[in-house]
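Please open the structure in your viewer and keep the selection panel at hand.

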Amino acid sequence: MALLIVFFNIVWNEIKKEFFNTWSYRWQWFGEFVSLFAFFFFLNMLTQKTEAGVAYGIWFYSVLIIGDISGKVSLEMRSGTFEQVYLSSLPIPIIFLSKIIASIFRAFIIMITLLTLFWIFGCIQLSLLSYNIVYVLMIITPGLFGISLFIGGLTILLKDTGWLINIVNNGFLFLSGIFLPLDSFPYQLQRISLMIPTTQAINSLNEFSVNDFFMIMMLNLSYLGLGIFCFFLCEKKAKIKGILGHY
Amino acid sequence: MERVKAINLTKNFGNRSLFGSVNFSFRAGEIIGISGKNGVGKTTFIKLLCGLIYSDSGQILINGIDARKNRTKWMEDVGTLLEGSRSLYWRLSALQNFIYFAGLKKIFGNEAKVRAEKLLQLFGLWDVRNEKVETFSFGMKQRLALACSVAHAPSIVLLDEPTSGLDTMSSQILENYIDVLSKENKTVLLASHDHEMIARISTSRLTIENGVINRVF
């Protein structure tokens, strides 16, 4: 019980910090948000593909999550606050879990706002904004955080992984079936595409089965497990090399 | 009982040996000044004691407990100041920073606010508690970072170059605080190039040279 109270407190602290930080960079956020919205809005006008709105929203959500841990690690290493996390008496996984929850909270708010705007401007249909989307996002979130932790771990050792995040984000954008249907891809590329959490999420919006649910869940939990393992392995190596807070 | 005890502590970076099987111990109420040339390993020494760097071999006992085997207790017993001004969120206010870092040390709600008032007043920052850290001078940031690092009232305080770049007033506040810590029977280790300050406030001195640690009482 005591640990649960501590956990809620630490999550609340993270959400507050996230809010204060986001607010202090509000114009930068606003600019990015407007440009992303405009990009999709005009793209949608050209393609006339209503499902693309939801698919694009899911991709945007994955971008926010994938870049989150490595972005935070990189930013905190540069600013010098990263080592402070490791001076905490709380278990490190608890701190990162609280950071993750705070990020999900923020990402959900941003994505729901984006999708609502798409709906208001007629880019997507209301039926697609049903419970299905929240359900699907919940299933793929562990996998996205697995990838985020994997890249975050590499960031502790390599310091700059912006190039890797770009590759992953663009790969997800073009391979998830947002613009082109999966069956237009060569066979090998289709196999790779099906391993991507966002592809599974976008497919599930159209047709969802129990079998799919277990498969997607297993895939995403595997990514999460791999991500956690990689992150703590990199952290240990950084502590041995003495480069934990270096940038 | 020793507050800090190291047994056969070894640390190498590649082919360079920084510490070769060193042994030392510090007791309650001691103020230990660490001096040595640039690159001899003063910061590494501090980081080994606070767990940010792992030793290659050997053991560190904090209040008699093997530190690596009980990380929670280790972090509860140790407060560390490293590159003070860079250890803060500049876009947050002094109070927001304190509350956040106190939370990382399991101090929440009213208790965090009470400690914030006590420590920020002690370090002369209470009147500017709602101002963003980015507007602070270097000395103010250093004082705030120190307040955050001792929010949990640790029994061992590690300070890496605490007076570097500080003006006379900030240095004096810091020296007074170290004196308070000593009277409260805490153990303080401070690495510094300021030999005069070390001579003035420390109860013993520790020099690092060629991987060997010498203690001067």
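Begin with the interface: 24 residues of chain A are in contact with 28 residues of chain B, two residues being in contact if their C-beta atoms, placed from the backbone, lie within 7 Å. On the side of chain A that touches chain B, helix 1 (2–24), helix 4 (82–85) and helix 10 (210–241) each supply at least two residues. Helices here are DSSP runs (H or I, at least four residues), numbered from the N terminus. Helix 1 of chain A gives the most to this side, with eight residues. By class, the side of chain A that touches chain B has nine nonpolar, twelve polar and three charged residues. Ala, Val, Leu, Ile, Met, Phe, Trp, Tyr, Cys and Pro count as nonpolar, Asp, Glu, Lys and Arg as charged, and the others, Gly among them, as polar.

This is a predicted model, in which local features need pLDDT of at least 70 and side-chain atom pairs count only at pLDDT 80 or more, while totals for chains, interfaces and linings use all residues. Residues are numbered from 1 along each chain as its sequence is written, and chains are lettered from A and ligands numbered from 1 in the order in which they are written. The predictor gives the complex an ipTM of 0.88 and a pTM of 0.84.

Next, select helix 1 of chain A together with helix 3 (residues 94–104) of chain B. Their axes, lines fitted to C-alpha atoms over the stretch in contact, come within 10 Å and cross at roughly 150 degrees, the angle running from 0 to 180 degrees between N-to-C directions. The two helices are therefore roughly antiparallel, a term for angles over 145 degrees. Show Asn9(A), Ile10(A), Asn13(A), Lys17(A) and Phe20(A), which meet Gln96(B), Tyr100(B) and Gly103(B).

Now move to helix 5 (residues 138–149) and helix 6 (residues 168–183) of chain B, whose axes come within 9 Å and cross at roughly 15 degrees. These helices are therefore roughly parallel, as angles under 35 degrees are counted. Gly139(B), Gln142(B), Arg143(B) and Leu146(B) in helix 5 meet Ser170(B), Ile173(B) and Leu174(B) in helix 6.

Finally, select Ile133(A), in helix 6 (residues 131–158) of chain A. Is Ile133(A) buried or exposed? Ile133(A) is buried, with 20 other C-beta atoms within 10 Å; the cut-off for buried is 20 or more, and for exposed 12 or fewer. Leaving aside neighbours within four places in sequence, Ile133(A) is in contact with Val54(A) and Leu205(A).

Note on methods
Angles under 35 degrees count as roughly parallel, over 145 as roughly antiparallel, 65 to 115 as roughly perpendicular and the rest as oblique.
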